[in-house]
Amino acid sequence: MERVALFIDGANVYAAAKRLGWNFDHRKILEYFAEKGRLYNAFYYTAVPYPMDDKQKRFIDALTYMGYTVRTKPLREITDSETGETHRRANLDIEIVTDLLATTDLYDTAILLTGDGDFERPCEVLRFKGKRVIVASIPEMTSYELRNAADEYIDLKDIRTSVERPGYRLPSEMRTETKPYYMPSSDSDDSEEF
């Protein structure tokens, strides 16, 4: 039986869920992709605030309980020196690539839930080593290069009934306040700033 390993880019999957307007059930994702062979491991990569809040801790604990190996990295705050805006970010690409390449002897097929084009070259290396690569994401968030580097592409919209968490609203959907696409300029009455 074919051995499979699952690698989930948490930030990318969350962004896809926001774009789709429905959320994923991570237990169902695990079950769906485990049907493709004997599941060696399922890795989940996510950024966490420091200190970690209770909601994030419960989420990570739930993933671990389901059988995921969770890799985390603290969110860093970066302030733009020109605008003064503060952004929180963390990049787990190195952790994903490290696990993809360090565990190649333990699986035959790598399944990546991401659309990030940065994984094109690691996918090519895996295929060179005789591994099968499946990429799952949504087309509007998947780079052409990554899709081209994979053996198979799965559009998450096509498997919605198998992986959706029904009745669960994303935090972004619970907000009642909406932000306009533009802010009126204070200099003139009719001008718009884009």
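Glu164 sits in the loop that runs between α7 (160–163) and β9 (183–184). Is this residue buried or exposed? In this predicted model, Glu164 has a relative accessibility of 18%, so it counts as buried, because the cut-off for buried is under 20%. Who are its partners from elsewhere in the sequence? Setting aside residues up to four places away, Glu164 touches Trp22, Asn23, Asp25 and Lys28.

The mean pLDDT of the protein is 86, and 86% of its residues reach 70 or more. One stretch to treat with care is residues 173–194, where pLDDT stays under 50. For that stretch the model has eight contacts beyond four places in sequence. Where pLDDT is low, the predicted coordinates should not be read in detail.

Now to the aromatic rings. How many aromatic pairs does a search of the whole structure find? The search turns up eight. Two of them are set side by side here:

| Ring pair | Distance between centres | Angle between planes | Arrangement |
|---|---|---|---|
| Tyr32 and Phe33 | 5.0 Å | 85° | edge-to-face |
| Tyr44 and Tyr68 | 5.9 Å | 80° | edge-to-face |

Why do these count as edge-to-face?

The Tyr44 and Tyr68 pair links distant parts of the chain, as its members are 24 residues apart. Tyr44 belongs to strand β2 (residues 38–48), while Tyr68 belongs to strand β3 (residues 68–74). Tyr44 is buried, at 4% relative accessibility, and Tyr68 is buried too, at 3%. From the other pair in the table, Phe33 is also buried, with a relative accessible area of 1%.

Rings can also join into a group. Here, ring pairs connect Phe7, Tyr40, Phe43, Tyr45 and Tyr107 into a cluster.

Finally, take a look at Ile78, which is part of strand β4 (residues 76–79). With 32% relative accessibility, Ile78 counts as partly exposed. Which residues does Ile78 contact, leaving aside its neighbours within four places in sequence? They are Glu85, Thr86, His87 and Arg89. Arg89 is eleven residues from Ile78 in sequence, and their C-alpha atoms are 7.6 Å apart in space.

Conventions:
Residues numbered from 1 in each chain as written. Predicted model: local features only at pLDDT ≥ 70, side-chain atom pairs only at ≥ 80, totals over all residues. Heavy atoms only, no water. pLDDT = per-residue confidence, 0-100. Contact = heavy atoms within 4.5 Å. Helix = DSSP H or I, 4+ residues; strand = E, 2+ residues; numbered from the N terminus. Buried < 20%, exposed > 50% of the residue type's maximum accessible area, 1.4 Å probe, protein only. Phe/Tyr/Trp six-rings, centres within 6.5 Å; stacked < 30°, edge-to-face > 60°.
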